[in-house]
Amino acid sequence: MQRIRLRYTKRGRLRFTSHRDFQRAFERALRRAEVPMAYSAGFTPHPKVSYANAAPTGTGSEAEYLEIALTEQRDPDKLRELLDESMPVGLDIIDAVESHTSGLADRLTASIWELRLDGVEPVDAERAAEAFRAASSVEVQRRTKNGMRTFDAREAVVSLQAVAADEALAHDTDRPTDQPCAILRLVVRHVTPAVRPDDVLSGLRAVADLAPPVPAAVTRLAQGLLDEETGTVTDPLAPDREAATAPPVNEGAAAAAAKASAPEGPA
């Protein structure tokens, strides 16, 4: 059985699709592309697709991940092209690698988010970000199925800063452009309970009274392992690429070398 890991996007108006909407569109694309899917057992078999840490409905993303299991070998690049052609524009399959390692979900420990705040002056956004960074804790509330829950939104935020408009992602072309616009970029650890971009926005309102006049456009730029030294987020598919290009191990030569290097026992 071959396993393929895919990276896909949610762009423009399709950021409003739910995870279930994407699942339906993706399963239709699998059928159109005639992908030799492996299926689960039981009375209601379904394609073996594993989704990892999907973005909330209403947020865009450049870095969503899933894994599929195939009954026949396929070239990952050609498979990506076939699936991308079968998906709606905006739900784009942009990368594919064969799985050579375990634990893809375990490598998604942090995300980079971009918040576009229309109607907010950049200087005001930077001032609010500075106040958020300076706070030892920022308590916010979120409604859950068990009622309102209070938690610290500050601890999970690795970095938060304003960036120039020309450095921002340009996929939200349906957003207004004739008013001030501030762009914030943040790196957030994946913790429990999860700290989402809207929680950070609630925190900015609490510590600096920053309240955008229109809802923020939120986009996930990346997710993967957090490098604690640099504060950057690494590509979670990189280990699979490295494993695919590594030279094969000659087990006989390795065993001979190990035997030669072992200390001799008593005569």
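I began with Ile112, whose bridge partner in strand 10 is Ala222. Before going further I noted that this is a predicted model, in which local features need pLDDT of at least 70, side-chain atom pairs count only at pLDDT 80 or more, and totals for chains, interfaces and linings use all residues. Residues are numbered from 1 along each chain as its sequence is written, and side-chain values use heavy atoms, with hydrogens and water left out.

I took strands as DSSP runs (E, at least two residues), numbered from the N terminus, and counted two strands as paired if DSSP finds at least two bridges between them.

Strand 5 (residues 110-118) came next: I found it antiparallel to strand 10 (residues 217-224), with seven bridges joining the two. Strand 5 also pairs with strand 9 (residues 181-189) over nine bridges in the antiparallel sense, and there Glu114 has Arg185 as its bridge partner.

I then asked which residues of strand 5 point one way and which the other. Ala110, Ile112, Glu114, Arg116 and Asp118 point one way, while Ser111, Trp113, Leu115 and Leu117 point the other way.

Last, I turned to strand 1 (residues 2-10), which is largely enclosed by the rest of the structure because seven of its nine residues are buried. Eight bridges join strand 1 to the antiparallel strand 3 (residues 60-70), where Tyr65 stands opposite Arg7. Five bridges join strand 1 to strand 4 (residues 93-98), also antiparallel, and in strand 4 Val97 is the bridge partner of Arg5.

Definitions and conventions. Buried means under 20% relative accessible area, exposed over 50%, partly exposed in between (1.4 Å probe, protein chains only). Helices (H or I, at least four residues) and strands (E, at least two) are DSSP runs, numbered from the N terminus.
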